[in-house]
Structures are given as structure tokens and as C-alpha cells.
Amino acid sequence: MHTALVFAPHADDAAAFCGGTLAKLADAGWRVVVVRVTDDARDSVGLTCEETVRRNTEELKTAAAIMGIADIMELGFPTDSLADVPETALRERFVYALRKYQPYAVFTFDPFAPSEGNRDHVCVAQAVEEAFWVSCFDLHHPEHFQEGLAPFAVCERWYFGRPVSDQNHVEDITDFFEKRVAALAAHRTMMQNTLNQLLLQLRTFGRRAPMLEAAMADDLTPLVAAVLHEQTTAVAAAAGLPPDSKGEAYRVVRFGDMEDMVEQLSEPLPDMPDAH
Ligand SMILES: [Zn+2]
């Protein structure tokens, strides 16, 4: 069975950007693994860094269980500071993860998304893009081979973003929408911080939103459900899926410009599952 590897800069990224698809793949028998790149030590409101790390880690475990995620690889880089980490250092960890888990597909932010405003997202996306080909080289990080690992090439890259540029695939997640909502709402600490940013901006704007203030102290599920409903319904409708469907948008890259040539030249391996 295939493996999907998610390179998530932060604990909530998997649920926030591709949670329905991950739950769908896990339900179909795929092994889904999340590489959590940072420690999320500052993503909270009114807590210490230690308590923030503890809560965000626990909430990720809850969300992962809801989505059917089999394993979480913690890299522990300082959050919101990946711009200070050499890309080659990030890349080495990603190459290691690719060689260890041997995924058929990776999921991450689009390295070429023009409107991504989060540097951690950009740094991870760019390092994954490099790790994609560096992981094939037997002269890059040969120390990995002492653990029994080998050069490895992932087949498909599924890029998400806000919004996805050059989108070419919408995954129908209608049957897994509730899981995505529950998984994202499980990240209560990070969702409260997201909401707090909005409330602070509103204050500067000279307004307040009592409904959002009340949501801060309450169960965030209804709010998360409403936001995701609107977003995924619009994606599904634009893709021509049946009414009331819900979708997640991606730019999926396999062989790129070489896709036609590869289709013509290749034939099935006898001992591999058919992914299509
Ligand atoms: Zn993030």
C-alpha cells in the first residue's frame, strides 16, 4: 500500500490545508505520515512557550487520530524562524524523511505560490522542492545509507496554498468533511491565536465582533465548520462536482514536462500496486 508524506511547517497545517484528502487516503488504506517541522512554541494566546508546546503537540495528536494519520515525525525547529535556518539543513532532514518513509506522494505548500505570506511555509516548500531531487543522489547525505536507507524518488507532489496557483486537481472530500472540521477544531490553541489576530486587526480598524469574541472562549467547531463549508463548497462548485459536494484544491505534479514521454516509454512493474 502507498504512503503519503505531509511536510507541515506547523501543527495545524495538515488539517487546515489537506485534512479531508488525508482522511480519505487513510480510509482507503494508505499510510499517512506528517513531518512537523517546527515546535509551534509561540502559537497561542496568554500561555508560556512551554505550555504552548505541550498543548499544540497534544492537539496535533488528537487531530492526527481523527484523520487516521499513522505517524508524526517531529523535527523541532523554532517556529516562525525558519528563514534563519539554512535551506540545506532543512533539506537534509526532508531527504532523510523521504528515504525513510518512501512516500508515493508528498503534500506541502506550493513553492511558487505568489501570495504566500508565511515565511515558514515558503521555506518548507522550497526545501521540499530541492529534497525531491536531492534524495535521488547517492552522493548527497550518504551517511543516511549507514542506517540501511537508499536513494529514493517520490512520484507525486501535491501542492496546496492560499490560493492554489495553477490548480489542476480537486479532490472530492465530501464524505470526509466532518473529519476535517473535527481535526482542525482540535487545534484549539492555534485556532484561538488565529482568531485573536483577527480581533486585534478589527480593533485597529475601529470595530469589534462579539460573536468571534464569544467563540474564543467556547467550542470552535461551529465556526471552523462554517468557514470550511464555504471554502470547500466553492472549490467543489468551481470544479463542477455535484451540488453540495466539498473539495480540496491542489496543483499536482508528477513528471511535469516529461509526463507524455514517460507514459509512452514505461510499462507496469509486476510487483507494484497500481496507484491510478
Ligand atoms: Zn502554518
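The side chains of Glu 58 and Lys 61 meet in a salt bridge, with 3.7 Å from N to O. A salt bridge here is a side-chain nitrogen of Lys or Arg within 4 Å of a carboxyl oxygen of Asp or Glu, and by this rule the count comes to 16. The model is predicted, so local features need pLDDT of at least 70 and side-chain atom pairs count only at pLDDT 80 or more, while totals for chains, interfaces and linings use all residues. Residues are numbered from 1 along each chain as its sequence is written, and side-chain values use heavy atoms, with hydrogens and water left out.

- Glu 58 and Lys 61 are three residues apart in helix H2 (residues 49-67), so about one helical turn separates them. Helices (H or I, at least four residues) and strands (E, at least two) are DSSP runs, numbered from the N terminus.
- Glu 58 is partly exposed at 40% relative accessibility, and Lys 61 is partly exposed at 47%. Buried means under 20% relative accessible area, exposed over 50%, and partly exposed in between, with a 1.4 Å probe and protein chains only.

- Lys 24 and Glu 171 form a salt bridge through their side chains, at 2.9 Å from N to O. This pair links distant parts of the chain, since Lys 24 lies in helix H1 (residues 13-27) and Glu 171 in strand S6, 147 residues apart.
- Lys 24 counts as partly exposed, with 26% relative accessibility, whereas Glu 171 is buried, with a relative accessible area of 14%.
- Arg 254 and Glu 156 also meet in a side-chain salt bridge, at 3.1 Å from N to O. Arg 254 is in the loop between S7 and helix H9 (259-265) and Glu 156 is in strand S5, 98 residues apart, and the pair links distant parts of the chain.
- Arg 254 is partly exposed, with a relative accessible area of 24%, while Glu 156 counts as buried at 8% relative accessibility.
- A network of salt bridges links Glu 156, Arg 254, Glu 259 and Glu 263.

- Seven of the seven residues of strand S7 (residues 247-253) are buried, so the strand is largely enclosed by the rest of the structure.
- Gly 247, Ala 249, Arg 251 and Val 253 point one way from S7, and Glu 248, Tyr 250 and Val 252 point the other way. In a regular strand the side chains alternate between the two faces of the sheet.
- Strand S5 (residues 156-160) runs antiparallel to S7 and is joined to it by three bridges. Tyr 159 has Arg 251 as its bridge partner in S7.
- Strand S6 (residues 169-172) pairs with S7 over four bridges, in the antiparallel sense. Two strands pair if DSSP finds at least two bridges between them. The bridge partner of Asp 172 in S7 is Gly 247.

**Zinc site**

- The protein donors of the zinc ion are His 10 (ND1), Asp 13 (OD), Asp 13 (OD) and His 121 (NE2), lying 2.1 to 2.7 Å from it. Donors are N, O and S atoms within 2.8 Å of the metal (3.2 Å for Na, K and Ca), and water is not among the atoms, so sites may look incomplete.
- The spacing of the donor residues in sequence is H-x2-D-x107-H.
- His 10 and Asp 13 are buried.
- The four donor atoms subtend angles of 52 to 133° around the zinc ion, which makes the arrangement irregular. Four donors count as tetrahedral if all angles lie between 85 and 135 degrees; four count as square planar and six as octahedral if opposite donors are over 155 degrees apart and all others between 65 and 115; anything else is irregular.
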